[in-house]
Amino acid sequence: MNWYLDVNENSDVVKSTKIKFSRNLSEFKFNLKKQEDIERLENKVKENLYNIGYGLKFLKLCDMDEITKMSLVEKELISSNFALKRYGSILINDEENICIMIGGEEHLELQSYGAGLDLENVLNLAIEIDEKIGEILGYAVSKKYGYLTSSPSNIGTGLKVSVKVHLPALERTRNTRKVFEAIGDFGINIKEVYKGKGDIYQISNKQTLGISEKEIIRNLKVIVQTVIEQERQARKLLAQDEIGLSDMIYRSYGILANCKQISNEEARELLSNVKLGVDLGILNELTDLKIQKLYLYSKPSNLQKYLGQKYDKEELKIKRAEVIKQIIATGDGA
């Protein structure tokens with residue numbers, strides 16, 4: 001099963017874990033712009049694809065249609081800026097828990113993913129791939145500064161750790177800002193993923209220089225576990241109003257199960273309530289897998305990929321409602 005459809009013991013609060021290493025090859029100049037330079041980099045990687053292994057496939061951006069590229073953005077396998085590039089490529093496996101962007105801001109951006117809070121396992125996979133590629137292709141490294149990158153914010157370990165959390169109870173009890181202010185001095189970034197819709201936040205590290213990968217993971221894990229505890233406490237507080245909470249959850253479920261058209265933004269907001277209901281054991285009509293499918297196939301490009309056809313914005317609202325009802329009724333959606 002692909003990681004974005006999977007769950008683990010912390011998936012009631014933590015949606016996903018992502019590890020990214022920014023790397024450059026010593027034989028190429030940084031920040032490649034010209035097509036011929038990027039193609040030379042791609043050829044170097046392709047020549048060694050078999051030796052790299054992990055079932056990775058080479059795909060060029062220029063061979064993808066816009067819906068395919070944006071479906072990868074929606075899954076967070078590539079960045080929106082990378083998707084806009086005319087040149088560049090990716091290495092990706094069938095499980096999609098490994099995706100390497102080639103020819104973006106850095107020569108290589110190695111990414112590994114996992115469901116829920118799975119920092120150690122996802123990091124170990126990323127390190128394993130990183131060390132193997134480094135041995136084969138040769139990274140630009142300084143004894144003083146560590147891995148050299150185009151962006152000063154990546155220099156050192158070149159490691160960015162991102163954990164996405166679902167915080168509906170902290171939002172509804174208006175405690176989100178208070179919790180974030182309390183942990184804001186620990187060298188982390190916190191940002192709302194969808195402005196005002198969906199209750200989803202991303203927690204990531206700021207520091208990459210003068211600190212080891214294991215220290216970054218350890219520090220971030222402490223912060224995330226604090227957020228998990230605060231969210232679960234807030235859920236207990238919300239549950240004191242049993243009727244009010246159940247009413248909100250079942251109203252949201254009712255709209256999703258019966259609507260004739262729905263926007264991506266409204267679906268995301270209602271799904272936040274419905275997921276809360278499933279996690280608290282209030283709503284038994286849905287499973288964790290159905291929730292994950294609803295999140296994925298509500299997104300515009302993945303919805304169109306699933307249906308195999310392109311639609312305009314208004315048509316998408318109708319098709320989204322149809323697919324949502326289909327997943328709720330049968331679980332189909334892949």
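The largest cavity has a volume of about 320 Å³. A cavity here is a set of points on a 1 Å grid over the protein atoms alone where a 1.4 Å probe fits but cannot get out, and lining residues have an atom within 4 Å of a point. The volume is the space filled by probe spheres set on the points, which are joined across faces, edges and corners. This is a predicted model, in which local features need pLDDT of at least 70 and side-chain atom pairs count only at pLDDT 80 or more, while totals for chains, interfaces and linings use all residues. Residues are numbered from 1 along each chain as its sequence is written, and side-chain values use heavy atoms, without hydrogens and water.

Lining the largest cavity are 19 residues, with K15, E74, E76, Y295 and K299 nearest its centre. At least two lining residues come from each of β1, α10 and α11 (288–298); helices (H or I, at least four residues) and strands (E, at least two) are DSSP runs, numbered from the N terminus. The lining divides into 8 nonpolar, 4 polar and 7 charged residues. In this division Ala, Val, Leu, Ile, Met, Phe, Trp, Tyr, Cys and Pro are nonpolar, Asp, Glu, Lys and Arg are charged, and the others, Gly among them, are polar.

In total there are 3 cavities of 30 Å³ or more. The second largest cavity holds about 50 Å³, and its lining includes W3, K18, E76 and Y113.

Pockets differ from cavities in being open sets, with protein on both sides within 12 Å along at least five of seven lines. The largest pocket contains about 1,100 Å³ of space. Of its 38 lining residues, K18, I78, S79, S80 and K191 are nearest the centre. β9 gives the largest share of this lining, 4 residues. By class, 9 lining residues are nonpolar, 15 polar and 14 charged.

The second largest pocket holds about 180 Å³. L59, L72, K75, I92 and E96 are the closest to its centre among 14 lining residues.

The whole structure has 0 disulfides, a disulfide being a pair of cysteine sulfur atoms within 2.5 Å. For C62, the closest cysteine sulfur belongs to C99 and is 16 Å away, too far for a bond. C62 is exposed at 51% relative accessible area, whereas C259 is buried at 10%. Buried means under 20%, exposed over 50% and partly exposed in between, with a 1.4 Å probe and protein chains only.
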